Amino acid sequence: MQIRAEHLTKRYGETTALDDVSLTVEDGELFFLLGPSGCGKTTLLRTIAGFEAPTGGELFLGGVPMGAHTPPAQRDTAMVFQGYALWPHLTVRQNVAFGLEMKGVPREERERRVTQALQELQILELAQRKPNQLSGGQQQRVALARTLVIHPGVLLLDEPLANLDAKLRRDMRLEIRRICKENRLTGVYVTHDRAEALSMADRLAVLRNGRLEQVGTPREVYRRPRTPFVAEFIGETNLRKGTIKALEGDSALLETPLGLLRSRCLPPDPRPGMEVALSLRPEAFRLLEGENPPPDGENRISVTLAMSEYLGEICQYEARDAAGEPLRFDHLNPREELPSGRPLLLCLSPQDVVCMNP
């Protein structure tokens with residue numbers, strides 16, 4: 001089921017939670033809403049579900065307009081809450097069957113669909129247990145089964161993995177994506193965890209202060225952020241200011257505090273003299289060791305090592321550039337310990353110098 005929002009606005013008194021939000025989630029797409037606390041992502045999810053009435057704008061589900069007061073029961077949506085919201089006095093089977101009972105589904109059909117949902121979530125053996133007899137991951141599966149069993153057109157998930165430990169979160173990411181794709185569900189997933197968004201989403205939207213900052217695939221948003229806020233929120237980065245000195249084909253020569261840098265990732269309508277913000281990801285730098293010369297066309301940056309953090313397969317460094325500003329870079333498979341105060345030469349591809357409007 002397609003979801004289309006047109007100029008959605010939601011105000012609480014003087015506070016604007018959603019500010020002229022327009023976006024489309026395609027049928028069968030797993031779409032993520034990402035942003036810091038208070039950015040409006042949960043308000044947008046609850047507006048889709050019908051728990052919040054927009055102050056302005058329109059919402060369409062499957063091409064059908066949802067009036068401001070169309071109740072949740074008439075929206076063909078199901079929601080998985082962060083706290084699971086399971087009935088403590090009911091068994092797993094009874095919890096999963098609850099929505100079907102409210103819809104008046106006949107007993108035989110209800111039992112068949114509940115068993116199928118429990119099998120799909122691999123919790124059939126837990127059918128007679130109560131929620132307080134389950135682990136966090138098991139409770140999460142019950143909450144998912146309860147929403148899937150009613151065959152919703154849209155699955156809404158509000159930070160469903162926030163209460164799980166790191167390993168279980170990784171396992172459940174794969175499980176949720178598998179379930180959505182196998183059941184051809186349109187999913188809208190709220191999180192502030194970039195790893196969840198990057199690993200699971202077909203597309204994602206980054207929100208800030210109730211407004212959309214950027215919409216795109218995980219790769220597009222990570223590698224080509226449009227604003228410094230998106231660049232910093234979606235991952236580690238070094239931000240610098242620069243000025244376009246000259247345009248040469250599909251690249252530009254930039255004056256920066258790091259010296260002259262060449263970029264092949266330019267903002268719309270670049271021109272000489274234009275001020276830009278630069279995003280330089282730590283993993284994009286390469287440390288030149290020994291007598292190896294930098295590849296032709298690569299940017300060269302001289303730094304002095306300040307500190308390091310050894311994590312086994314990777315070492316994360318903080319250095320100082322010529323102006324004394326910190327510059328973070330990563331080194332995979334570090335074989336030796338580099339002492340603080342050592343001068344280093346880094347290289348950086350023009351494709352990894354991302355220019356944005358400041």
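Thr77 stands opposite Val154 in strand S7, in a predicted model. Four bridges hold S6 and strand S7 (residues 154-158) side by side, and the two run parallel. Thr77 also turns up in the largest pocket, as one of the residues nearest its centre. So much for the way in; here is the rest, topic by topic.

**The six-stranded sheet**

- S6 and S7 belong to an open sheet of six strands, ordered S6-S7-S8-S3-S9-S10, and the pairing is mixed.
- At the edges you'll find S6 and strand S10 (211-216), each pairing on one side only.
- On average, neighbouring strands here are turned by 20 degrees against each other, if you ignore direction.
- Helix H1 packs on this sheet and touches strand S3 (30-34), S6, S7, strand S8 (186-191) and strand S9 (203-208).
- The direction of H1 makes about 150 degrees with that of S7.
- Helix H5 (residues 166-182) lies across S3, S7 and S8, and runs at about 135 degrees to S3.

**The four-stranded sheet**

- There's also an open sheet of four strands, with the order S2-S1-S4-S5 and antiparallel pairing.
- Strand S2 (15-25) and strand S5 (64-66) sit at the edges with a single partner strand each, so one side of each has no neighbour in the sheet.
- Neighbouring strands in this sheet are turned by 30 degrees against each other on average, direction ignored.
- Strand S1 (residues 3-12) is joined to S2 by seven bridges, and the two run antiparallel.
- Along that pairing, Leu8 has Val21 as its bridge partner in S2, while Arg4 stands opposite Thr24 in S2.
- The hairpin of S1 and S2 has two residues between the strands, and Gly13 takes a positive phi near 65 degrees there.
- Helix H1 (residues 41-49) shows up here as well: it lies across S1, S2 and strand S4 (56-61), at about 65 degrees to S2.

**The cavity**

- Searching the whole structure turns up one cavity of 30 Å³ or more.

**The largest pocket**

- The largest pocket has a volume of about 600 Å³.
- There are 22 residues in its lining, and Thr77, Ala78, Met79, Gly99 and Ile150 lie nearest the centre.
- Strand S6 (77-80), helix H2 (92-102) and helix H4 (136-148) each supply at least two of the lining residues.
- By class, the lining splits into 13 nonpolar, five polar and four charged residues.

**The second largest pocket**

- About 250 Å³ of space lies in the second largest pocket.
- It is lined by 14 residues, with Glu236, Gln316, Tyr317, Arg328 and Asp330 nearest its centre.
- Strand S16 (299-310), strand S17 (314-320) and strand S18 (326-332) each put at least two residues into this lining.
- Here the class count reads five nonpolar, two polar and seven charged residues.

**Salt bridges**

- The structure has 19 salt bridges.
- One of them pairs Arg93 with Glu111, and the closest N and O atoms are 3.2 Å apart.
- Arg93 is in helix H2 and Glu111 is in helix H3 (residues 107-120), so this pair ties together parts that are 18 residues apart in sequence.

Definitions and conventions: Residues numbered from 1 in each chain as written. Predicted model: local features only at pLDDT ≥ 70, side-chain atom pairs only at ≥ 80, totals over all residues. Heavy atoms only, no water. 1 Å grid on protein atoms, 1.4 Å probe; cavity = no way out; pocket = protein on both sides within 12 Å on 5 of 7 lines; lining within 4 Å. Points joined across faces, edges and corners; volume = space filled by probe spheres on them. Nonpolar A, V, L, I, M, F, W, Y, C, P; charged D, E, K, R; others polar. Pairing = 2+ DSSP bridges. Axes fitted to C-alpha atoms, helices over the stretch in contact; angles between N-to-C directions. Contact = heavy atoms within 4.5 Å. Salt bridge = Lys/Arg side-chain N within 4 Å of Asp/Glu carboxyl O.
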